[in-house]
Amino acid sequence: MLAMSPLPLCLLLWHLRHLALGYLTVSIEPLPPVVVGDAVTLKCNFKTDGKMREIVWYRVTDGGTIKQKIFTFDAMFSTNFSQMENYRKREDLVYQSTVRLPEVRISDNGPYECHVGIYDRATREKVVLASGNVFLNVMAPPTSISVLAADTPAPFSRYQAQNFTLVCVVSGGKPAPLVYFKRDGEPIEATPLPEPPAGASSWAPRNLLHRDLDDTKLPKSLAAEGELGMGNPFPTADPPRGLAAERDSVTESIPETVVSREFPRWVHMAEPIYYFRHTHAPVSDGTVEARATLTWTLNPQIDNEALFSCEVKHPALSMPMQSEVTLVAPKGPKITMTPTRARVGDTVRILVQGFQNEVFPEPLFTWTRVGSRLLDGSAEHDGKELVLERVPAELNGSMYRCTAQNPLGSTDTHTRLIVFENPNIPRGPEDSNGSFPGHCGFRFILALTLTVILELT
């Protein structure tokens with residue numbers, strides 16, 4: 001009897017095993033990135049010569065530790081598959097399982113797996129398994145964009161340069177968008193800042209030359225301070241306050257607006273140096289909030305009325321998204337007073353309702369009383385509204401100054417308070433400040449004289 005060589009025997013055994021187990025290949029068609037709201041179809045293709053048992057789709061979360069079953073097809077309870085006539089006859093069957101997501105959300109982003117099982121050709125008690133996977137990348141366009149000014153409200157600085165920062169905030173996008181700035185429609189070439197600055201003085205630009213040696217950073221009256229003794233500067237930069245202002249108030253028109261437009265020689269007219277920084281942070285809903293900052297040394301002479309825009313490019317957008325602001329100094333505050341006819345004891349509210357122009361960034365408001373302190377004893381009050389509670393008759397004719405300022409400039413406006421007599425408040429021997437009016441003092445002296453005369457008699 002002839003002996004069989006080992007190699008053909010191994011090939012025969014491998015072939016018989018292959019016929020008994022069958023074969024199964026699974027593949028999932030790759031997907032391009034999709035946008036939120038699109039309809040997506042996941043396709044799982046598999047080829048086998050065996051008898052199908054089941055198809056299961058999983059969504060994988062938490063880095064693969066959790067698999068959520070989203071679709072199951074059990075062939076045991078379905079007749080939609082081909083029957084094998086005998087095990088020795090090979091029949092290749094090609095199947096395709098699809099799962100359709102009608103409107104994808106950001107939460108649908110992630111990996112998916114398709115698991116296919118067929119019966120073992122030797123016994124129906126064993127199942128041969130194979131799987132494939134695909135990653136669904138769901139993009140979301142930004143939903144909002146806004147341009148803000150950092151560190152506002154801030155005062156106007158006439159004799160000292162200051163840095164100014166615009167902040168562009170883009171929310172709702174996935175992945176992080178590309179953010180850039182333009183000035184007057186032209187892209188800005190800026191120096192990138194990879195890390196947050198430790199402080200404004202350590203990293204911010206300063207387009208100044210010999211600033212510390214230039215006496216024009218102070219009022220000209222300081223040039224002669226050595227001859228004036230104490231060296232206190234004259235209030236030439238701001239409207240006069242105190243009693244002198246009260247005496248000069250007769251020449252003031254009401255309302256009066258004075259826009260500060262005095263700039264020293266050290267303010268350069270050269271092109272500013274811009275510094276750019278871009279950061280982004282993940283949000284709990286799966287989107288990314290992007291923040292871009294643009295910083296430069298502000299020059300009110302050339303930056304006032306300059307148009308800055310923040311533009312965003314994103315793969316989910318068909319065209320760039322933008323938001324723009326115009327740097328404008330405040331001008332012509334509109335002041336209202338309620339009630340319009342104030343009486344003794346009323347609560348008077350003086351409010352800045354707006355300006356003659358659109359102002360950006362937000363102004364800083366400061367209220368003062370010309371020639372005296374405010375009703376509560378303070379020297380000034382910050383805010384758009386000044387509230388005078390239970391005004392006494394002594395405030396009749398008092399004048400109030402509102403200073404509105406932002407880094408581009410400042411403006412002052414004045415209003416005079418007229419207080420009328422209140423018939424509902426009876427006249428007493430003492431006014432609201434604890435002093436006796438003139439006629440009440442006369443009655444008191446007369447009553448005291450009569451008392452003395454009666455005692456002498």
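The model is a predicted one. Its protein chain contains 28 strands and five helices. Of the chain's 457 residues, 39% count as buried. The chain exposes about 27,200 Å², and carbon and sulfur atoms supply 55% of that area.

Now to the rings. The structure holds five aromatic pairs. Phe164 belongs to strand β11 (residues 163–173) and Trp296 to strand β17 (residues 288–297), so the pair ties together parts that lie 132 residues apart in sequence. Phe164 has 3% relative accessibility and therefore counts as buried; Trp296, at 0%, counts as buried too.

Trp296 also pairs with Phe308, and here the rings are stacked, with 4.9 Å from centre to centre and 25° between the planes. This pair connects strand β17, which holds Trp296, with strand β18 (residues 307–313), which holds Phe308; the two residues are twelve apart. Trp296 and Phe308 are both buried. Stepping back, ring pairs link Phe164, Tyr274, Trp296 and Phe308 into a cluster.

One more ring deserves a look, this time with a charged partner. Arg341 lies over the face of Phe420, 3.8 Å from the ring centre.

Terms used
Residues numbered from 1 in each chain as written. Predicted model: local features only at pLDDT ≥ 70, side-chain atom pairs only at ≥ 80, totals over all residues. Heavy atoms only, no water. Helix = DSSP H or I, 4+ residues; strand = E, 2+ residues; numbered from the N terminus. Buried < 20%, exposed > 50% of the residue type's maximum accessible area, 1.4 Å probe, protein only. Areas by Shrake-Rupley, 256 points an atom, 1.4 Å probe, with all protein chains shown as cover. Phe/Tyr/Trp six-rings, centres within 6.5 Å; stacked < 30°, edge-to-face > 60°. Lys NZ or Arg CZ within 6 Å of the ring centre and 35° of its normal.
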